[in-house]
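Welcome! Here is a short briefing to read alongside the picture.

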Amino acid sequence: MFLQQIPGACLVLITIFATICSINCQPTYNRHVCLGPGNDTAPADYISNLNSLLDSLSSKATSDSFYNDSSNGIYSLYLCRGDVSTSTCQICVSNATQELRRRCPSDKRAIIWYDECMLRYSNLSFFGREQVSPYLLMWNVQNNTTPDEQNYGALSLIYSLIESAPYTDKMFGTKDGIVANGVQRGYALVQCTRDINSDSCHSCLRTLTDEIQKCCQGRRGWRILSPSCNLRYEEYQFYQQSSAPPPSVPTADDGGKGGKNTTVIVAVTVSSLAAVAVALLGVWYYLSCCRRRRRKGEGKSQEILLGNFKGSNRPVLEEHIHVAGDQHSGEMHYFSLNNILAATNNFSDANKLGEGGFGPVYKGKLSNGKEIAVKRLSLRSRQGLEEFRNEVILIIKLQHKNLVRLLGYCLEEDEKLLVYEYMANTSLDAFLFDPLKSKELDWDKRANITIGTARGLLYLHEDSRLKIIHRDMKASNVLLDDEMNPKISDFGTARIFGGNQLEANTERVVGTYGYMAPEYALEGLFSIKSDVYSFGILMLEIISGKRNRGVYHSECGQSLLTYAWRLWNEGKGTELIDPNIVETCPVNEALRWIHVALLCVQDDPAHRPTMSLVVLMLGSKAVNLPQPSIAPYAGRFATMSDLSTTSTFGMGTGSLASDQTTASISS
């Protein structure tokens, strides 16, 4: 009855659409490798068991994009690209099993790569083992017109994904952004098989990135595929933008016997496609409405949280509050004042860890034995309530191993208290600038602190749902856990940027003189590049063991920054390295890091690298470093004391394009 109301032209269009879908669902073959040459051919019973296993794999692809199992001494695995639909995954796996039967009929081990999936099997267990060999490397044969800029931009996208994707459920991620000339966009994708852990995934992707840098400088597009991970970069969008791609029209595999089965499917589908389309539209409308309703609810959740901060002596919140609407959100515990007083021994001086501009920080121990750090906002601070609200709202949304974790809060009587995880080794400045403790910071510890802090900033700038500018990045805001791993703290002065926002201006400059970028200290203009500047100062302090506020040339009144610039330009960079480590550290690496720090503190924000590029330059010696621009600004604010204008809390003081055909296989 419904079909009778549809014009014949629509039915024709539907038929054409279904046919096109059937064609486009066919996967794009890249390469295969048979790993059973010579006398290592499989016996008849192995081949029989293998055929049975391969027959079962395509049916498994209906439920998950990844599967691994063993049967009769054969270990098998498939991985579909994280953005493709279930039906596309199933078709790709089905094609892969057929192709391996044909191409590797008597091999004990084999692997095959398509654009949409990868499948491998072996008589030897490979589960849980990071493997990058054999790998398939492919690149676009056209060169870029601006190879250095383009290459940095491309690697920046890839490296940002490497720092985030391994720690997601699917170990998969995509990212796009401007990579050259202010207009050229790039698109990147990384993925790992889920039999390996996050650290192995991270290591695998890093290894492939190193291989890319050897071959593909200045290329417009490239990819590298290995058994455990893969990555790809293009100048066009080759992946589904949505994390939940729409289902494609299913087709049957005709086993190479022609298109008869496909024709039957189209004929059957046309008779019901209109009804299905209406049903899908209905589902889409329903889900959209649900999402809108959820978003409204999320707004209310956050407004409730904010509303109860406005001058109320007694909170009306439940024991736990939950800020919805973000995958990283979590529950925030409400601590009663009596519990905090008991934990900190009534804020005794013996429990005091340090003093910040907004008040002291105390160590505490809860009744269950858990150690905490309590930030007590001073009643004298006019800006205390604003920073308190800002910090709670921000940090509850952020979850990263290099960010301090907020456990809860308390608002009772006149107290405003934030409860954090306790950092056993207090803050970086407590070690770095102490004549005795600084000797405990060997090069490996300093390198770990530097890279961890860089990754934390990268998460804030690019990889969290929010784009966050910290605005007070300094040594006292880098906390150290019992294994000396760094965690960025104090988000009271942080600012959230919109998705496309690049910079902002403020009349109230907050932060710490000596760490502030010139454009921020002098004009109130801040951006992610302001944090990059502060990180560059922090790097110089970590390498030298000296405070930036000191004077290191009495005749010229040089700050650490200008002192470092002079030594580096005179080829005397080793004189900047902390005497405690200069004899034992890798000097060339330390000099390279001084170079990176000087790139971060360039006067022009446009010349400073992004944090994703900083992480890349710190982690890979293959990246050529450009020369820094003119000597850094040596204005008065660079040599002032490190007192903050706000102070802070520190617990111490489709396929490859037609021209992308060049390929090589390495094993």
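Accessible areas come from the Shrake-Rupley method with a 1.4 Å probe, and for residues only the protein chains shown count as cover. By that method, the chain exposes about 29500 Å², and carbon and sulfur atoms supply 50% of this area. The model is predicted: local features need pLDDT of at least 70, side-chain atom pairs count only at pLDDT 80 or more, and totals for chains, interfaces and linings use all residues. Residues are numbered from 1 along each chain as its sequence is written, and side-chain values use heavy atoms, leaving out hydrogens and water.

**The whole chain**
- The chain holds 15 helices and 24 strands, which are DSSP runs numbered from the N terminus (helices: H or I, at least four residues; strands: E, at least two).
- Of its 667 residues, 53% count as buried (under 20% relative accessible area, with a 1.4 Å probe and protein chains only).

**A five-stranded sheet**
- An open sheet of 5 strands runs in the order β1-β4-β5-β3-β2, with antiparallel pairing; two strands pair if DSSP finds at least two bridges between them.
- β1 (29-34) and β2 (66-71) stand at the edges with a single partner strand each, so one side of each has no neighbour in the sheet.
- Strands β4 (residues 110-114) and β5 (residues 117-122) pair over 4 bridges, and Trp113 stands opposite Met118 in β5.

**A look at Met539**
- Met539 sits in helix α12 (residues 528-544) and counts as buried, because its relative accessibility is 1%.
- Leaving aside residues up to four places away in sequence, Met539 touches Thr450, Trp593, Val596, Ala597 and Leu618 (contact: heavy atoms within 4.5 Å).
- Met539 and Trp593 are 54 residues apart in sequence, and 7.8 Å apart in space, C-alpha to C-alpha.

Note on methods: Buried < 20%, exposed > 50% of the residue type's maximum accessible area, 1.4 Å probe, protein only.
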